[in-house]
Amino acid sequence: MKRVLTLVATVGAMVASGLAFAYDGQTCRAAGDCWQAKPGYPEKIAGSKYDPKHDPAELSKQEAAIKAIDERNAKRIANAKATGTFKFDVK
């Protein structure tokens, strides 16, 4: 039993030391911007397997939803200016 616990502790220490050396924090682009890509990650994302494929239909749905939010907020602000109290549900 003691041998198994020693083996588990040794493996745990090896894993922890490997994680500690994976990020050195020394190559920062700016203060606080120290993200480092994994080896093999491309410098240019466009055209690589990491390039997100955005569906134009989904983007237009998001744009329409944001436009509707802006319109509702404009109605709420206009109502608040006219009445002096803010009402969330304005038609």
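**View 1. An arginine over a ring.** The ring of F88 has the charged end of R76 sitting over it, 4.0 Å from the ring centre. Here a charge sits over a ring if NZ of Lys or CZ of Arg is within 6 Å of the ring centre and within 35 degrees of the ring normal. The model is predicted, so local features need pLDDT of at least 70 and side-chain atom pairs count only at pLDDT 80 or more, while totals for chains, interfaces and linings use all residues. Residues are numbered from 1 along each chain as its sequence is written, and side-chain values use heavy atoms, with hydrogens and water left out.

**View 2. The whole chain.** Let's step back for a moment. Of the 91 residues in the chain, 4% are buried, where buried means under 20% relative accessible area, exposed over 50%, and partly exposed in between (1.4 Å probe, protein chains only). The chain exposes about 8400 Å², and carbon and sulfur atoms supply 62% of that area.

**View 3. Helix α2 and what follows.** With 28 residues, α2 reaches 41 Å from its first C-alpha to its last, close to the 40 Å expected at 1.5 Å a residue. That expected span is 1.5 Å times one less than the number of residues in the helix. Just after α2 comes G84, which takes a positive phi of about 90 degrees.

View 4. K61 forms a salt bridge with E58, and their closest N and O atoms are 3.1 Å apart. A salt bridge is a side-chain nitrogen of Lys or Arg within 4 Å of a carboxyl oxygen of Asp or Glu, and by this rule the count comes to 1. Both K61 and E58 lie in helix α2, 3 residues apart, about one turn of the helix. K61 counts as exposed because its relative accessibility is 52%, whereas E58, at 43%, is partly exposed.

**View 5. A nonpolar patch on the surface.** W35, Y41 and Y50 form this patch, with about 330 Å² of accessible area together. Patches are made of residues with over 30% relative accessible area and no salt bridge, with like charges joined within 9 Å and nonpolar side chains (Val, Leu, Ile, Met, Phe, Trp, Tyr) within 5 Å. Y41 is found in the loop between α1 (2-22) and α2 (56-83).

Technical notes
Accessible areas come from the Shrake-Rupley method with a 1.4 Å probe; for residues, only the protein chains shown count as cover. Helices (H or I, at least four residues) and strands (E, at least two) are DSSP runs, numbered from the N terminus.
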